[in-house]
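Work through the exercises below with the sequence and the model in view. Each task is followed by a solution in steps.

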Amino acid sequence: MNSEILEHLKSVVNSFNVKDKNNLSKIYFQITGSDYIAKINLENLKYSEDSENSNDSLIIMMDEATFFELKNNIKHPEDLMFDEKIKVKGNLELLK
């Protein structure tokens, strides 16, 4: 996985304004590259091998190209959600 993605995730997570920081342990970012799929836990930014998540978790999924379109302000997140390039699965309440 591109190290720039992990560095950007770190800055995004540090700026999150969630009431309960413990919720970050239940939120995962899954990114797909041309030769890999990486799932990262947002609490510790470590790779997760957990293929099955409980109903009380949240997974944000996108491919590497989509990530860079967002990061570089080429696309707006809403446009990508309507194009189904960003998928969100699980408990959205964790983001409050």
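**Exercise 1. A charge over a ring**

Which residue lies over the face of Tyr-28, and at what distance from the ring centre?

Solution. The model is a predicted one. In it, the residue over the face of Tyr-28 is Lys-39, 5.3 Å from the ring centre. A charge counts as sitting over a ring when, among other conditions, NZ of Lys is within 6 Å of the ring centre.

**Exercise 2. Aromatic pairs**

Find the aromatic pairs of the structure and classify each one.

Solution. 

Step 1. There are two aromatic pairs to find.

Step 2. Take Phe-29 and Phe-67: their ring centres are 6.0 Å apart and their planes stand at 65 degrees. Planes over 60 degrees apart count as edge-to-face, so this pair is edge-to-face.

Step 3. Locate the two partners. Phe-29 belongs to strand E1 (residues 27-32) and Phe-67 to helix H2 (residues 64-71). The two are 38 residues apart, and the pair links distant parts of the chain.

Step 4. Take Phe-67 with Phe-68. This pair is also edge-to-face, with 5.3 Å from centre to centre and 90 degrees between the planes.

**Exercise 3. Buried or exposed?**

Decide whether Phe-29, Phe-67 and Phe-68 are buried or exposed.

Solution. 

Step 1. The cut-off for buried is under 20% relative accessible area.

Step 2. Phe-29 has 6% relative accessibility, so Phe-29 counts as buried. Phe-67 also has 6% and is therefore buried.

Step 3. Phe-68 is buried, as Phe-67 is.

**Exercise 4. Salt bridges**

How many salt bridges does the whole structure hold, and which residues form them?

Solution. 

Step 1. The search finds three salt bridges.

Step 2. Lys-71 pairs with Glu-4, with 3.1 Å between the closest N and O atoms. Lys-71 is in helix H2 and Glu-4 in helix H1, so this bridge ties together parts 67 residues apart in sequence. Both ends are partly exposed: Lys-71 has a relative accessible area of 27%, and Glu-4 has 36%.

Step 3. Lys-10 pairs with Glu-7, the closest N and O atoms being 4.0 Å apart. Because they are three residues apart in helix H1, about one helical turn separates Lys-10 from Glu-7. Lys-10 is partly exposed, at 40%.

Step 4. Asp-56 and Lys-26 meet through their side chains at 2.8 Å, N to O. Asp-56 sits in the loop between strand E3 (46-47) and E4, and Lys-26 in the loop between H1 and E1, so the bridge ties together parts 30 residues apart in sequence. Asp-56 is partly exposed with a relative accessible area of 32%, and Lys-26 is partly exposed at 29%.

Note on methods:
Residues numbered from 1 in each chain as written. Predicted model: local features only at pLDDT ≥ 70, side-chain atom pairs only at ≥ 80, totals over all residues. Heavy atoms only, no water. Phe/Tyr/Trp six-rings, centres within 6.5 Å; stacked < 30°, edge-to-face > 60°. Helix = DSSP H or I, 4+ residues; strand = E, 2+ residues; numbered from the N terminus. Buried < 20%, exposed > 50% of the residue type's maximum accessible area, 1.4 Å probe, protein only. Lys NZ or Arg CZ within 6 Å of the ring centre and 35° of its normal.
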